[in-house]
Amino acid sequence: MAGFLKVLFRNLLEGPSTDPFPLGETFTPDRLRGKAVVDPDLCMGCGICRHSCAAGAINITPLPDRKGFTITIWQNSCCLCASCRHYCPTGAMSITTNWHTAHPESEKFNRIEQHTIHYEPCAGCGELMRPLPKKLAEKLYAYNDEIDRELTRRLCPKCRQLEDAKRNACVLPAASGEAEAKGVTSAAPTKD
Amino acid sequence: MSLDNMLKKLSVRSPWLFRINAGSCNGCDVELATTACIPRYDVERLGCRYCGSPRHADIVLVTGPLTTRVRDRVLRVWNEIPEPKVTVAVGICPISGGVFREGYSIEGPLDRYIPVDVNVPGCPPRPQAILEAVVLARSIWLKKLGVEE
């Protein structure tokens, strides 16, 4: 009897527990997995999202002139597993909390997330490449202040190797043995 | 307002739902049960309720990627639902095949065989999204009946 009264009073005080949703506002948890989006500034086109996508909802196609690529997510095939977000090395993939997915049949093939990303010329040799995202470059070279991040992130791998070689060459021990190397500016191992 | 019109308006307050499992993993079915059976989401506020017979249904909710084994049965049950009916594809499986797409036993997507009216993707969609789809389906149903514009 007492238990029943407790429930009765709670219901009187707190009102019904029904979510007023189609007629009113509802709640959205912070970590709800809704629509998947990709940030075109961060995406490198490495394709790990396409590889890890369980539903095959992600496609990456190079442009016909090979000057970039198009990344497409088909929302109607995405199973919201968030593997793409987990494996994306640059953090370009994210899952928003937008769960408003119901749509009429006529919009079925419009529900895509698509970005066309163009390559940029390398600052050294001018070959087309995708520059490293700034955030990633800062993370990579966080312990090496001598490296110009803004320049390095715009270099192709070959030019980056050349830059690294130039930087290290001047601190290698001299052949005569008189002038000792004072320090190493790169993480690369040197003969010593 | 004539009696005929009044009856027509009054009788369309409650579209009944029917659920077809076309080879679903049961995830979406659980969400459908949640939408209807627990007081928090309570689809019966909209006048909807699940019925046991396809002959009583107005809105049909289909889950699952339409496997070869259930295809003919789904079509048979679907054809027993009287017109006008609204078909709702619940979850990514009936819409695109989802994670089972291009499987050897998958005949879907559903709209190869059945004209679908509303899609609600998700794996599974949350109960609020299903409620949204039911509201959308209800407005399409009213249009088909000629009650709304």
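The model is predicted: local features need pLDDT of at least 70, side-chain atom pairs count only at pLDDT 80 or more, and totals for chains, interfaces and linings use all residues. Residues are numbered from 1 along each chain as its sequence is written, while chains are lettered from A and ligands numbered from 1 in the order in which they are written.

Chain A holds six helices and eight strands (DSSP runs, H or I of at least four residues for helices and E of at least two for strands, numbered from the N terminus). Along the sequence their order is α-β-α-β-β-α-β-β-β-β-β-α-α-α. Of the 192 residues in chain A, 15% are buried (20 or more other C-beta atoms within 10 Å of the residue's own, with C-beta atoms placed from the backbone).

The domain assignment, automatic or from a database, gives chain A domain 1 (32–99 + 109–118) and domain 2 (128–169). Their C-alpha centres lie 26 Å apart. Six residues of domain 1 are in contact with four residues of domain 2 (C-beta atoms, placed from the backbone, within 7 Å).

In chain B, the axes of helix α2 (residues 27–37) and helix α5 (residues 127–145) come within 9 Å and cross at roughly 75°. Axes are lines fitted to C-alpha atoms, for helices over the stretch in contact, and angles run from 0 to 180 degrees between N-to-C directions. α2(B) is therefore roughly perpendicular to α5(B) (65 to 115 degrees). B:E31, B:L32, B:T34 and B:T35 of α2(B) meet B:P127, B:I130 and B:L131 of α5(B) in this contact.

How values were computed. A residue is buried if 20 or more other C-beta atoms lie within 10 Å of its own, exposed if 12 or fewer, and partly exposed in between; C-beta atoms are placed from the backbone. Two residues are in contact if their C-beta atoms, placed from the backbone, lie within 7 Å. Angles under 35 degrees count as roughly parallel, over 145 as roughly antiparallel, 65 to 115 as roughly perpendicular and the rest as oblique.
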